[in-house]
Amino acid sequence: MVPNLNNPSEIAVSASASCAIDSGSVVCWGTQTAITNNIPSVTNPRNLSASLSGMCVIDDWGFKCWGVNDFGQMEVKGGDFIDVTSATYHTCVILANGQINCWGTDTQNYGLFNIPQIARYQKAK
């Protein structure tokens, strides 16, 4: 059941849990206890992203992921993060210098980690 939310600004949905950014914190619900029982402490969260069984968020202190980490998809790789996206078994971020980094696994060999670099990325406001 969706909890009462005061001022939700983002939502991310995994296979069996959902999380929202609500009034400066992350609120999660569902049956995936690796997500719902392990919400990290955050300050000014933004850019919430869901994988099959995990969540990631950017906050004032950097980047945090939690949930099932079967393939290293929840391991945080350092940097100054602008945006994050997650998929079944991998996570990708855009860094402030325009570099795109991905980690986890590419189980179907789609070439997810052969990333062309772009000169500069700036998230639209």
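Start by selecting aspartate 59: with a relative accessibility of 2%, this residue counts as buried (buried is under 20% relative accessible area, exposed over 50%, partly exposed in between, with a 1.4 Å probe and protein chains only). The model is predicted, so local features need pLDDT of at least 70 and side-chain atom pairs count only at pLDDT 80 or more, while totals for chains, interfaces and linings use all residues. Residues are numbered from 1 along each chain as its sequence is written, and side-chain values use heavy atoms, with hydrogens and water left out.

**Salt bridges**

Lysine 64 is partly exposed at 21% relative accessibility. The whole structure holds two salt bridges.

Next, pick arginine 46 and aspartate 60. Their side chains meet in a salt bridge at 3.0 Å, N to O. Arginine 46 sits in strand S4 (residues 46–50) and aspartate 60 in the loop between strand S5 (54–59) and strand S6 (62–67), so the pair ties together parts 14 residues apart in sequence. Strands here are DSSP runs (E, at least two residues), numbered from the N terminus. Arginine 46 is partly exposed at 30% relative accessibility. Aspartate 60 is also partly exposed, at 44%.

Move to strand S2, residues 17–22. Six of its six residues are buried. Ala17, Cys19 and Ile21 lie on one side, and Ser18, Ala20 and Asp22 on the other.

Now show strand S1 (residues 8–13). Five bridges join S1 to S2, and the two run antiparallel (strands pair if DSSP finds at least two bridges between them). Proline 8 stands opposite aspartate 22. Three residues separate S1 and S2 in their hairpin.

On to strand S3 (residues 25–30). S3 pairs with S2 over six bridges, antiparallel. Here aspartate 22 faces serine 25. Two residues lie between the strands of this hairpin, and serine 23 takes a positive phi near 50°.

**Strands S7 to S9**

Finish with the open sheet of three strands, in the order S7-S8-S9, with antiparallel pairing. Select the edge strands, S7 (81–86) and S9 (100–104); each pairs on one side only. Neighbouring strands are turned by 20° against each other on average, direction ignored (axes are lines fitted to C-alpha atoms, and angles run from 0 to 180 degrees between N-to-C directions).

Last, display strand S8 (residues 90–95). S7 and S8 pair over five bridges. Valine 84 stands opposite valine 93 in S8.

Technical notes: Helix = DSSP H or I, 4+ residues; strand = E, 2+ residues; numbered from the N terminus. Salt bridge = Lys/Arg side-chain N within 4 Å of Asp/Glu carboxyl O.
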